[in-house]
Amino acid sequence: MKTLLLAAAFVALALSPAPAAKMECTSANMAKLVTGMGGEDTPGKIAARKSMASANSDMSKGNMRGACKHYMSAEKAMAMK
């Protein structure tokens, strides 16, 4: 039973989409996103900046769950064309 559960977990990880790994809520990923916000202003970048401002505010309050939620929103906004 244990082996079956372990195998199912590995299969689930192997089949998960690659962009999900990109959206991990880490300080390194947040820094990369902020670095990518430079240059010409687009609607996506403006929305991402607003989301990152909210994420920074939540982090300063100790609300990492809210900060990660705003970070993911910023990621999605940056993906918009």
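These notebook entries record what I looked up in the structure.

**Basis.** I worked on a predicted model, in which local features need pLDDT of at least 70, side-chain atom pairs count only at pLDDT 80 or more, and totals for chains, interfaces and linings use all residues. Residues are numbered from 1 along each chain as its sequence is written, and side-chain values use heavy atoms, with hydrogens and water left out.

**Entry 1: overall make-up.** I began with the secondary structure and found 5 helices and 0 strands, in the order α-α-α-α-α along the sequence. Helices (H or I, at least four residues) and strands (E, at least two) are DSSP runs, numbered from the N terminus. I then looked up burial, where buried means under 20% relative accessible area, exposed over 50%, and partly exposed in between (1.4 Å probe, protein chains only). Of the 81 residues, 22% count as buried. The chain exposes about 5900 Å², with 66% of it supplied by carbon and sulfur atoms; these areas come from the Shrake-Rupley method with a 1.4 Å probe, and for residues only the protein chains shown count as cover. For contacts (heavy atoms within 4.5 Å), I noted that residues 24 or more positions apart account for 50% of those with a separation of 6 or more.

**Entry 2: the core.** Which residues form the largest nonpolar core? I list 8 residues: M30, L33, M37, A48, M52, Y71, A74 and A77. Helices α3 (27-35), α4 (43-61) and α5 (64-79) each supply at least two residues of this core, and the largest share, 3 residues, comes from α5. The term denotes a set of buried Ala, Val, Leu, Ile, Met, Phe, Trp, Tyr and Cys residues joined through side-chain atoms within 4.5 Å. In soluble globular proteins, nonpolar side chains tend to be buried together. I also followed A48, which is in contact with M37, A74, A77 and M78, leaving aside its neighbours within four places in sequence.

**Entry 3: helix α4.** I checked the length of α4: its 19 residues reach 28 Å from first C-alpha to last, close to the 27 Å expected at 1.5 Å a residue. The expected span is 1.5 Å times one less than the number of residues. Its buried residues are G44, K45, A48, S51, M52, A55 and D58. They lie on the same side of α4, because they cover an arc of only 135° around the axis; the arc is that of the directions from the helix axis to the C-beta atoms. What do the buried residues of α4 pack against? I found that they pack against α3 and α5. The face turned away from the buried side carries the exposed residues P43, K50, S60 and K61. After α4 comes G62, with a positive phi near 90°.

**Entry 4: helix α5.** The end C-alpha atoms of α5 are 22 Å apart, in agreement with the 22 Å that its 16 residues should span at 1.5 Å a residue. Buried here are G66, A67, C68, Y71, A74, E75 and A77. K76, also placed in α5, is exposed at 57% relative accessible area. I noted that K76 and A47 are 29 residues apart in sequence and 9.5 Å apart in space, C-alpha to C-alpha.

**Entry 5: charge pairing.** How many salt bridges does a search of the whole structure find? I recorded 1 salt bridge, a term for a side-chain nitrogen of Lys or Arg within 4 Å of a carboxyl oxygen of Asp or Glu. The side chains of D41 and R49 meet in a salt bridge at 2.6 Å, N to O. D41 counts as partly exposed at 48% relative accessibility, and R49 counts as partly exposed at 31%.
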